[in-house]
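Hi everyone, thanks for coming.

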Amino acid sequence: MEENRDRREGTQKRVRRQLRQHITMSRMVMLVLLAVSLLNQLLLLLKVNYHFYFSAGVPYYLNWMALKLGEHKGVTFFKVFALLATLVIFAGYVFCWMQSAPKRRFLKTSLMIYCADTVLLVIFAFALLNNPFSCLLEILTHLVGIALLYDGYHSAQKLARMSKKRRQEQTEAEVEPNE
């Protein structure tokens, strides 16, 4: 009986380690997403006609539109709006990344932000582009990002349930000998 308990505890330790690895991976995805998004903004600023797909789409396309509109009319309000929206989105990702280490619920927040970004990317593709299917690869990479972020969030939920169950078992084990 003792051997089965030791084997079960060993299995639970391995599962917990794997769940923590999934959470770490999800946090790294957030960091890479932010870094690539910043790189895309730099490429846009330098007027390089290329952007990486695994990034936040809303900041890129808002600033792209601001630059396109600014060429013709010098629209400064839209440029300021695009810049402020970009800063808020990037701040949200940074905040979620920093807070997701101690508080796993911020993995869900980053997932929701990226889902909203994906939906807006699809809307932008159909509203702004002559051929919206030219963004198909970008949308597919967004879906991969969503899957990776969801995996981290789901792993955090499992880990929390395992920890709660373990605490309950320890409390029950402490109460039993005293009876």
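So, is the crossing of α3 and α4 left-handed or right-handed? The crossing of α3 and α4 is left-handed, and the rule is that the near helix is turned anticlockwise from the far one by less than a right angle, with clockwise giving right-handed. Quick housekeeping: this is a predicted model, where local features need pLDDT of at least 70, side-chain atom pairs count only at pLDDT 80 or more, and totals for chains, interfaces and linings use all residues. Residues are numbered from 1 along each chain as its sequence is written, and side-chain values use heavy atoms, leaving out hydrogens and water. Helices are DSSP runs (H or I, at least four residues), numbered from the N terminus.

Back to our pair. Two packed helices are described by the angle between their axes and the distance between the axes. Here, the axes of α3 and α4 come within 8 Å and cross at roughly 155°. Those axes are lines fitted to C-alpha atoms over the stretch in contact, with angles from 0 to 180 degrees between N-to-C directions. That angle makes α3 roughly antiparallel to α4 (the word applies over 145 degrees).

Who meets whom? On the α3 side we have G92, Y93, F95, C96, Q99 and S100, and they meet α4 residues including L107, Y114 and D117; contact means heavy atoms within 4.5 Å. The residues of this contact split into 7 nonpolar, 5 polar and 1 charged.

Now the nonpolar core, meaning buried Ala, Val, Leu, Ile, Met, Phe, Trp, Tyr and Cys residues joined through side-chain atoms within 4.5 Å. The largest one has 19 residues, and among those touching the most other members are I23, Y93, L107 and Y114. Helices α1 (2–45), α3 (76–100), α4 (105–128) and α5 (136–178) each supply at least two residues, and α1 gives the most, with 6. There's also a second, separate core of 15 residues, which includes V58 and L62.

Let's look at Y114. Beyond its neighbours within four places in sequence, Y114 is in contact with residues including L33, F54, Y93 and L149.

V36 sits in helix α1 and counts as buried because its relative accessibility is 18% (buried is under 20%, exposed over 50%, with a 1.4 Å probe and protein chains only). V36 touches F52, F54 and S55, not counting residues up to four places away in sequence. K47 lies in the loop between α1 and α2 (57–73), and at 66% K47 counts as exposed. Most residues other than glycine have a negative phi, but K47 has a positive one of about 60°.

Key
Angles under 35 degrees count as roughly parallel, over 145 as roughly antiparallel, 65 to 115 as roughly perpendicular and the rest as oblique. Ala, Val, Leu, Ile, Met, Phe, Trp, Tyr, Cys and Pro count as nonpolar, Asp, Glu, Lys and Arg as charged, and the others, Gly among them, as polar.
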